[in-house]
Amino acid sequence: MVECQNGISLDLFLHCSLVPAVCIVFLLSFVQRRAKAQPFEDRFPYLRGRFGIVVPLDFIGNLSNRWSYGFAFGAIAPSVVQLFSESYTPFNVPNWAKAILYLVGAIEVGVAYLPFFACLSTPHRALGGALGLLYTLMWLIVRLYDTISCPSGRVLGPYEKLIILWPFFLCLLFLLGRFVYIIVKAVRIHLQLQADENEEDLQFHQFRYVQTLLKRPSEQPEEKSWFRRKIYDWDPYFKFPNRMIGTCIISLIGLYMITLADYSLSDYTFNKLDALKDSLAEIASSCNHTDNIFTSLIPGMNEFSIVARRSWLATTIFSTLTSVTYTFHVLVCYRKHLKRLWRGQKTFLPEKFHKPSPAVSVAAITRYSGWQIAFTLWGFLIVHFVQFLFALMFVYGVVLPIQKERFLSWLSSVGVILLTVFIVIALVVGQIILVQVFFLQDKLSPEDREKPLAINNRKAFHCFNYFFFFYNVIMGLSNCILRLLSSCIVGTWLVSRIDRTIMQRGYESMDPGYSTWIGMIFADHYHSNPVMVSFCHLLLGRIVEKRGPAVPSYATFGNNTGCSGGGRVRVRWLLLYTLLRNPALILMRKRKTMTQNDNQDPLLLARTITSQAQQANELVNNKTPETEPTQLDI
């Protein structure tokens, strides 16, 4: 892009945004209550249970506000692409410390964008909405000012920045509207104009999925539209998690930005090539000899420049469509694989991946999103370059010979190649037909589709095998080259498909992307299986019904950290319950009155302990658990 003096240094603004980001996270952590308070916090009652962990996003089980988190991921897409290009360096370090520098840069970018997610996920809706609105508005104003003050570029014209960053602005505008909605909803709930909606552990779509499993399948299949039959068949009982939606949105925005950068770089390169061609033409015109080497190179360079420009543009469009299709196809494969695991089907996986390590599966959730985005972007660049080479081969091998009126010579050359390939294929197919007709026994039943695997005419088959042995040796070279080319082409085309392995069977574990995919779907399978979640939900509900509201539970007291006396109430209750069940422990208790008054009459002390023990025994023998705790002096 063209350097502009009026613009804002975005790297400097990213550094400065760390200050408000840390303040917002600190404030949200202060209002966040921890489930378990530490004993030393009793000295500071107001700070008891505060400074909880701020969770920006639940990557496993949270299915609420999925599109809000998706647009938040879209807002961080430009910085993710910058990290992908390894162009963001906070400071200079030696070459051997580049990996540490990239780690520091990634952490800095993560902290700068943390308020977007933390303000969406915090339970304090009014505070989170207000802070998120201010922080998003700050980013929008700064980036808009930079775009307006310096909009132009070298390739895309006077509105280059706006063309590149319009998805970023769209995501920020959506987040602004979302935070305004959160604030309005929180105010309405506070004024009791709207009921508070608490998210349950069991999602409605999971409940509906379990219902379909318990119902008898319908006799007539459901009629589906052409779109559902040919393009995409949606499932109302399945929801993609935030992780998959965010990854898909960043991948699409990253593809858009990488495509524009790719076009800009190619246009710059071809312009340099045209400048070189013009320089050679000037040198050739300045020479006296008309048959010099520069004169012979100029027509070829003109032809190559035109062919390369058109081929690069065509392959850019085709490779972009391929990458976009792969991005959506990964979502389809995720749903398909996960539903197979829910049904207990593991045959679609290699046998060594049927029981992945738990540590590998949980770590795969951390790696998946970043790797999927990187695989998508790098896969686009690799596939684009390979398609460009094939396009040049096709143009120089087919299109240009036909245009230059050499169609007959080209057809004769191609005809020889095609005839050779046809003969090879015909001989391979001929071996199969001969075996099918002469060297297999007859069908066991007329209704069988194929003959049984039983050899007939053994002596003739041995002679047939002997003579074709020498010819198959000759065919081995062509088949070996064909196998290698097919493997390279398919592997290159599927390099961005993390749901498929590009390694041969038995070597799947050497593909780190596929191993990450398997670990990720197994982790989601164990944490979001609708049948398992429904069972746990019903089990917990049944336990609560059996206990009743009068009997306190450990979870109830453990979560009662809102007041400073919650821990003392729990301890006193447990002490009362223990002494009622074990009255003999009363005699072994160290009473405060005993330690303070050493001159007390021993006879009076013994009478006191005996009366308390008798009182406890009477309570246990009469089995009166409804007795008030105040009847026993504890």
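At what angle do helix H5 and helix H7 pack, and how far apart are their axes? I looked this up first, in a predicted model where local features need pLDDT of at least 70, side-chain atom pairs count only at pLDDT 80 or more, and totals for chains, interfaces and linings use all residues. Residues are numbered from 1 along each chain as its sequence is written, and side-chain values use heavy atoms, with hydrogens and water left out.

**Entry: H5 and H7**

I find H5 (residues 98-121) and H7 (residues 160-190) packed at about 30°, with axes 11 Å apart. Axes here are lines fitted to C-alpha atoms, for helices over the stretch in contact, and angles run from 0 to 180 degrees between N-to-C directions. That angle makes H5 roughly parallel to H7 (angles under 35 degrees count as roughly parallel, over 145 as roughly antiparallel, 65 to 115 as roughly perpendicular, the rest as oblique).

I then listed who meets whom: Phe116, Cys119 and Leu120 of H5 meet Leu172, Leu175, Arg178, Phe179 and Ile182 of H7. Contact means heavy atoms within 4.5 Å. By class, I note seven nonpolar residues, no polar ones and one charged one in this contact (Ala, Val, Leu, Ile, Met, Phe, Trp, Tyr, Cys and Pro count as nonpolar, Asp, Glu, Lys and Arg as charged, and the others, Gly among them, as polar).

**Entry: the whole chain**

I see 20 helices and zero strands in the protein chain. Both are DSSP runs numbered from the N terminus, helices (H or I) of at least four residues and strands (E) of at least two. Of its 634 residues, 33% count as buried (buried is under 20% relative accessible area, exposed over 50%, partly exposed in between, with a 1.4 Å probe and protein chains only).

**Entry: lysine 277**

I found lysine 277 in helix H10 (residues 242-286). Lysine 277 is buried, at 16% relative accessible area. Beyond its neighbours within four places in sequence, lysine 277 is in contact with Met301 and Asn302. Asparagine 302 is 25 residues away along the chain, yet the two C-alpha atoms are separated by 7.5 Å.

**Entry: serine 323**

I place serine 323 in helix H11 (residues 293-342). Its relative accessible area is 6%, so serine 323 is buried. Not counting residues up to four places away in sequence, serine 323 touches Leu255 and Phe380.

**Entry: cysteines**

How many disulfides does a search of the whole structure find? I get zero (a pair of cysteine sulfur atoms within 2.5 Å would count). I also checked cysteine 16, which is partly exposed at 46% relative accessible area, and cysteine 463, partly exposed at 44%.
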